[in-house]
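User: I would like to go through this model and ask what lies behind the labels. Please set each value against its definition.

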Amino acid sequence: MPETKSIAALGEAELVQALALLPHWQHDRARAALYRRVVMPDFPAAMAFMVQVGFAAERMDHHPEWSNVYNRVDIWLTTHDAGGISTRDVALAGIIDALI
Ligand code: H2B
């Protein structure tokens, strides 16, 4: 039986449209993800930002892949259930942008 996906990955054209509205984000093809680097003033600010994103992510049951070094937070948004970038990633990217 084929694997059933609860949400579809965006097609190339849809992705181009989404990226046009998310100028801070890039398409990381190797990770099939939206990618953004956020640089905060210092480590506490980076931590506070990550906590805010974390709660937003938990509320929408959609979680980032990310990495933090001091004041830098690298974020990848991909939908594991879809095997690519979905509308859920686009939505979370918008929420993250609004927190910065
Ligand atoms: N986050 C991300 N980024 N992709 C998913 O496919 C995903 C998730 N699935 N958070 C959710 C949780 C799923 O595992 C739970 C069971 O709803």
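User: What makes a residue a contact of Ile75, leaving aside its neighbours within four places in sequence?
Analyst: Contact means heavy atoms within 4.5 Å. With neighbours within four places left aside, Ile75 is in contact with Trp25, Leu34, Tyr35, Arg36, Val38, Phe49, Pro64, Glu65, Trp66 and Ile96. This is a predicted model, in which local features need pLDDT of at least 70, side-chain atom pairs count only at pLDDT 80 or more, and totals for chains, interfaces and linings use all residues. Residues are numbered from 1 along each chain as its sequence is written, and side-chain values use heavy atoms, with hydrogens and water left out.

User: Why is Pro64 called buried?
Analyst: Buried means under 20% relative accessible area, exposed over 50%, and partly exposed in between (1.4 Å probe, protein chains only). Pro64 has 15% relative accessibility, so Pro64 counts as buried. Pro64 is in the loop between α2 and β3 (65–69); helices (H or I, at least four residues) and strands (E, at least two) are DSSP runs, numbered from the N terminus. Beyond four places in sequence, Pro64 is in contact with Val53, Ala57, Ile75, Trp76, Leu77 and Leu92.

User: Is Arg36 buried or exposed, and how do you know?
Analyst: Arg36 counts as buried because its relative accessibility is 10%. Arg36 sits in strand β2. Among the residues it touches, not counting those up to four places away in sequence, are His24, Trp25, Val73 and Asp97.

User: What makes the pairing of the Arg36 and Asp97 side chains a polar contact?
Analyst: A polar contact is a pair of N or O atoms within 3.5 Å; within protein, one must be able to donate a hydrogen and the other to accept it, and residues adjacent in sequence count only if both atoms are side-chain atoms. The Arg36 and Asp97 side chains make such a contact at 2.6 Å.

User: Why is Val39 called exposed, and which residues does Val39 touch?
Analyst: Val39 has 55% relative accessibility, so Val39 counts as exposed. Val39 belongs to strand β2 and touches Asn71 and Arg72, not counting residues up to four places away in sequence.

User: What makes a set of residues the largest nonpolar core?
Analyst: A nonpolar core is a set of buried Ala, Val, Leu, Ile, Met, Phe, Trp, Tyr and Cys residues joined through side-chain atoms within 4.5 Å. The largest one here has 20 residues; those with the most contacts inside it are Trp25, Leu34, Phe49, Val73, Ile75, Leu77 and Ile96. At least two residues each come from α1 (12–20), β2 (33–39), α2 (43–59), β4 (72–77) and α3 (87–99). Helix α2 gives the most, with five residues.
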